[in-house]
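Work through the exercises below with the structure open beside the text. Each task is followed by a solution in steps.

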Amino acid sequence: MKKLINNPAIVVEEALSGMARAHPQLLRVNFCPTYIVRADAPRRGKVAVIAGGGSGHEPMHGGFVGPGMLDAACPGPIFTSPTPDQILAAAAAVDGGAGLLFIVKNYTGDVMNFAIAAEECQIAGVPVQTLLIHDDVAVEDSLYTAGRRGVGLTVLAEKICGAAAEAGASLEEVVAIGRKVSEHGRSMGVALTSCIVPAVGRPTFTLPDDEVEIGIGIHGEPGRKRAPLQSADAITDMLATSIFEDLPFARGSRVIALVNGMGGTPLMELYIIFRRLAELCEERDITISRNLIGNYVTALEMAGCSLTLLAVDDELLHWWDAPVHTPALRW
Amino acid sequence: MLKLDDIMTPTITIEIATMIAWMNRYADKISEHQALLTALDAAIGDADHGINMQRGFEEVRMRLAHEHVDDLGILFKGIGMTLLSKVGGASGPLYGTLFLRMGLVAAGKATLTPTEFASAVAAGVEGIRQRGSARPGDKTMVDALMPAIIALHQALDDGGALCEALQAAAAAAEAGMKATIPMQAYKGRASYLGPRSVGHQDPGATSAFLLIQSAAESLCAAEQINA
């Protein structure tokens, strides 16, 4: 294992303490229990938007804490869900009296820990709603499975819900906007390498030099199938086709496109992917109204990328364009 | 209704000390099998089950060493809360829920009869089933726990002593655990592997079997001392 770390047992804490020092105007970090809140929390009368999940996906979620996006983020250990006591402490720190929105990626641990926290909030009389993100088309969706994983769409949902909450929308309004995002967004990813969890010290899976793993999640877990390494265009075609066919994205529709790096892929390659994605959208008469290209939802140093398309209307575009000021997203 | 075993062996009650012995024995067993649990999880999950369970039950062990309670409801609730905050992942809420629900059944009691103990465990397992919405056959801890509960109740209803009943439950849990090997996972992270999850023993079912096995060992030891 070759990593710039001091001690595998405290990588999350040391990274968070670096974040706190880097962005004191934007956020505060609390330890024991661990959470990140915006510097001006709590904001009276504003719906508090709270997200969380395992660490190792940086900048998600902590990098999205700040005006116009998240009020709080609850980072768990690497690839492990945060616990209810963390979520409750973060909720107490940002509750502005207008209710809480939990944005939860669909993983068994995340769902259960946030559910327990939500039950506790309800018992305490604090209104809370949960928005589940499950956009990964690689996973077969069924009532009898854990369902689709939450991946790249999470960033778009956090931005859009955060903007609406910042503008004073009610909890019901913010949830409705979030559901619209969840219903109209789809993603799929590919890995060129696995990644190494520091405490484990070796790759989570091994991939021969000439193969890729199609349909990966964001934890270095194996995907649905292996395929020979192909050109960037061929891989983009494969990922995009799965996404186009799933929703389906109609001719004439407008989308926000996210080409997301998994942590170990250069921006240059992401632009090569975006170039092909733009061609494919043109062929299908789909307009890419906005795009986001970079490392936003990562799996440590995994090489690979994911594509996310979100079909948008004027309302979603309005909230996407609203000002945001966080460590990782700013306009 | 008075159960036959209550009449025949009216002196058998389950004390707080026995429950603490159960938890300590389970913490030992988790440490002993940490590498196995982690290896099973590496095959179909994310390679942290042994590590997470060990962290959680070492905390439980520490808590029980320092805490003095005379109410089993408070004891179980404390265990559940510790697991919720220290285990993380999916196992934290599931094992946490098991003990929180046991605490609700045992609230206000300093001792339990065998039937009350069985009811408490059954309520805990029902909590796990609800929290994880897993059905038998989904390749989860439910596949070890449901047969264990059925065997436990059956043995007590047939007039068996608690020790024998728990041994039957442990045997049923072990069979349930082994039965997860050919199953395809429909819940949890293993489900993302689809058919590739077949052929691996479920790590959650394995830690669940160890829990029932620890109960049998601790309660049989207590019964011998009392007898």
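Angles between elements run from 0 to 180 degrees between N-to-C directions, and the axes are lines fitted to C-alpha atoms, for helices over the stretch in contact. The model used here is predicted.

**Exercise 1.** Find the strands that helix α2 of chain A lies across, and state its angle to β2(A).

Solution. Locate α2(A) at residues 84–94. This helix lies across β2, β3, β4 and β5 of chain A, where β5 spans 100–105. Its direction is at about 15° to that of β2(A).

**Exercise 2.** Describe the sheet in chain A: what is the strand order, and which strands are at the edges?

Solution. Start with the order, which is β1-β2-β4-β3-β5-β6 in an open sheet of six strands with mixed pairing. Next take the edges: β1 (27–30) and β6 (128–133) of chain A each pair on one side only. From one strand to the next, the twist averages 20°. Finally, look at one pair of strands: β2 (residues 35–38) and β4 (residues 72–78) of chain A pair in the antiparallel sense over two bridges. Within this pair, I36(A) stands opposite A73(A).

**Exercise 3.** Is F79(A) buried or exposed, and is S133(B) buried or partly exposed?

Solution. A residue is buried if 20 or more other C-beta atoms lie within 10 Å of its own, exposed if 12 or fewer, and partly exposed in between. F79(A) has 29 C-beta neighbours inside 10 Å, so it counts as buried. S133(B) has 15 other C-beta atoms within 10 Å, so it is partly exposed. Now check the backbone. F79(A), in the loop between β4 and α2 of chain A, has a positive phi of about 60° although it is not a glycine. S133(B), in the loop between α7 and α8 of chain B, has a phi near 35°, a positive value in a residue other than glycine.

**Exercise 4.** How do the two domains of chain A meet?

Solution. Chain A is divided into domain 1 (8–183) and domain 2 (185–313), with C-alpha centres 23 Å apart. Across the boundary, 23 residues of domain 1 are in contact with 28 residues of domain 2. On the domain 1 side, α4 (153–166) and α5 (171–184) of chain A each supply at least two residues. The largest share, four residues, comes from α4(A). By class, this side has 14 nonpolar, five polar and four charged residues.

**Exercise 5.** How many residues of chain B are in contact with chain A, and which classes do they belong to?

Solution. Count both sides: 21 residues of chain B are in contact with 25 residues of chain A. In chain B, α5 (72–86), α6 (91–106) and α7 (114–132) each supply at least two of the touching residues. The chain B side has seven nonpolar, nine polar and five charged residues.

Methods: Residues are numbered from 1 along each chain as its sequence is written. Chains are lettered from A and ligands numbered from 1 in the order in which they are written. This is a predicted model: local features need pLDDT of at least 70, side-chain atom pairs count only at pLDDT 80 or more; totals for chains, interfaces and linings use all residues. Two residues are in contact if their C-beta atoms, placed from the backbone, lie within 7 Å. Ala, Val, Leu, Ile, Met, Phe, Trp, Tyr, Cys and Pro count as nonpolar, Asp, Glu, Lys and Arg as charged, and the others, Gly among them, as polar. Domain bounds come from an automatic or database domain assignment. Two strands pair if DSSP finds at least two bridges between them.
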